[in-house]
Each structure stands twice: as structure tokens, then as C-alpha cells.
Amino acid sequence: MVPSSSVVDTVTTRLNAFLASMRSEGDAYGPDAAVFIDAAASTLQGGKRLRARFCHDGWAAIAHHRSPDALESPALWGLCAALEIFQSAALVHDDLIDNSDTRRGRPASHRALEATHRDAGWSGDAEAFGRASAVLLGDLLVAWSDDLLEEALIGETHADDVRREYARMRRDVTVGQMLDIAEESAWSVNPPEQQLERALRVASLKSARYSIEQPLVLGASLAGADGAQLDALRAFGHPVGMAFQLRDDLLGVFGDAAVTGKPAGDDLREGKRTALIAIARERLDARGQQMLDAALGDVALDAQRIAELQQLIADTGAPEQIEEMITGYAAAADGALDGAPLDAGAMVDLRALATAATSRSA
């Protein structure tokens, strides 16, 4: 099996080659477009390359089950790199929607583009320029992702299967993002007992399928997986993805900014109605619910108010229930691999990846 570090390095090399070609093509657009293309390239720096790693191991689970000596093809690395570009597109739009100032310890793309406008001494509203440019930046990254995907699939036997799953992934994450936005307002007119179910639906569409399940299935589809193999990988990938998102929910409230690269309590300022918040709110008395509802989405929350809200949520025991749910999802995922018609070495790697994804601190 290829070590995770080698997967990351190989995908990064593929991304760099693609970016070099985009920069070369962009020379004809002039210097202002070059700044825009550089901004797109900068979004691909850093990150865990989680989707690429699951895609690779999904391919290995099938290809190595069929032939232990199967070698990774350029098509696989192109698919992995396309997923990473699509992830960057999603993050650009996510930060814009959430009014986030930072990403991975650096200015979010709309803030970086705002600074570009200001530093160049251009006329007009720098903030408006940054936001408008970030919309287009995310669109450019989606286009790049499709470009690289199509380039990778030329001549591939199972190209149509990969295209169908990739298209489904794009739809799912876009609808999931919209539902996430809607829930920040719709919670007030829906029964409290439905809020956890609604939060988990968002988690499934916006994160679980897109972050884990679909990269696995994409890699497996490229390798020619049959129905039983795809079913096993979905049964593994979806609960890992749910646990991954629930861990993200905890970090969004209780995470260490020095580790996560995002301000402490950022989900509280953004008004995220996550599973954590749904559970905490259901357990609070009327006064506690009013305090929580009044604070969620307040961008001016200072460190003291964040600490008070963290304590309010912690006192309900909601973080402990989320941890129990993470453990349950992880166990379900692990069980889904028992007896699965997949390569044994790949299953070892998948279990290790699942542990890393669900027990992380950033």
C-alpha cells in the first residue's frame, strides 16, 4: 500500500502541474487576472488532503483485491487532485457565506482579495470587491475541478460511472450548503424535537457523503467496483463522514484556535444550528434557550461571551452525547468492513484513516 504521506505528495505534485498550466494559460488574460489565478492557487495550499486519501484507498480496496500488484494510474491522481480543487471551491464559498475571516490560519479568500484591492490603491469598496471576487473564485475552482476530472477520465473504461458519482457529489454538497443556511433561520418555526434530525440531514449532505463516502466510491468506481463492493464502501464511508462532521461541530464550538486555524467559538458567531446545538437546546430550560438563541449568530461575541456559551452548552451534557454518537458511527463503519469483498490491506488503511478523521483536533 502507498503511505498516506506519499499520496499527499503525489496529489500535491499533480496539483502543482495543473496550476502551472493554468498560470501559463492565464498570461493572455493580463496582470489583473494573474492575481485572480494566484488567489485560486493559494487556496490549494495546506490541508489534510482527506478526500484524496479516501479516494485513493477506495481505488486500492478494489484494484488490489483484484490484483495485489495493481499500480496507481495518472487517472487516479487526476481524480484525487480534482476532488481537492472542488474542496477548495466549497471552502471559498463557505467562508464567504459564513463571513469567516480566516481559513487554515490565513485570511479567507474574500478577505485576501479585499486586501489585494486595498493594497493596489484601486477605487471603490474593497470589501465589496473581495466578496464579489470570491464568488467568481469559487466558480473558477469548480471549473478547474471539472477540467481536471475530464482530463483524467480520457480513455478510462469506467469514466461514466465516475462522472455520475461526481455529479451527484456536486448536487449533494450544494443542497446541503443551502439547507445549512436555511436552518439558521428555519429552526424558529420547526418543532424542537425535529431539530436534531434536520441538523443530521445537513451533516449528511454537506459533509458525510461529500467528505468521505463519495471520494471512496469515486476511487472504487474508477477501479471498476461491483455493486457489493460499492455497498460495503458506502456502508463504511457514510458513518465515518457523520462522525467526521460531528467532530467538526465540537471543534467549531470548543476547538483551540491555535490548532484549528479558526477563531474559538466560530460556529457560535456564525449561528450554526448543528447537532451539538440541537441537543443542547433541547436540554436547556426556557431561560437557557433564550440565552442561546439570542447569542447564536452574533458576530460581535467576545471571548468572555464565547466562554459563557461554551459553559452553557457543556453543562447540558450535549458534548458527551455527541462523543457517544461519534463512537457509535465509528463502530458502525468498522463493522461494515467485516467480511467485505475488499482488499485486506486497504481495509487496514481505511480503518486508520477513519480513526484519524474522527478523533482529530483540527
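**A tour from helix H6 to the cores**

Select Gly-155 first: this residue follows H6, and its phi is positive, near 80°. Helices here are DSSP runs of H or I with at least four residues, strands are E runs of at least two, and both are numbered from the N terminus.

The model is predicted; local features need pLDDT of at least 70, side-chain atom pairs count only at pLDDT 80 or more, and totals for chains, interfaces and linings use all residues. Residues are numbered from 1 along each chain as its sequence is written, and side-chain values use heavy atoms, without hydrogens and water.

Now select residues 126–153, helix H6. Its 28 residues should span 40 Å at 1.5 Å a residue, and the end C-alpha atoms are 40 Å apart, which agrees. The expected span is 1.5 Å times one less than the number of residues.

Go to Asp-125. It caps the N-terminal end of H6, with a side-chain oxygen 2.9 Å from the backbone nitrogen of Glu-127.

Next, pick Trp-144. Contact means heavy atoms within 4.5 Å. Not counting residues up to four places away in sequence, Trp-144 touches Phe-18, Leu-19, Met-22, Ile-37, Ala-40, Ala-41 and Ile-85.

Widen to the largest nonpolar core, with 71 residues. A core joins buried Ala, Val, Leu, Ile, Met, Phe, Trp, Tyr and Cys through side-chain atoms within 4.5 Å; buried means under 20% relative accessible area with a 1.4 Å probe, protein chains only. Phe-54, Trp-144, Tyr-166, Phe-236 and Leu-342 touch the most other members. Helix H4 (residues 74–98) gives the most to this core, 13 residues. Then select Ala-243, Ile-277, Leu-296 and Ile-326, which belong to a second, separate core of 28 residues.

Conventions
A polar contact is a pair of N or O atoms within 3.5 Å; within protein, one must be able to donate a hydrogen and the other to accept it, and residues adjacent in sequence count only if both atoms are side-chain atoms. Buried means under 20% relative accessible area, exposed over 50%, partly exposed in between (1.4 Å probe, protein chains only).
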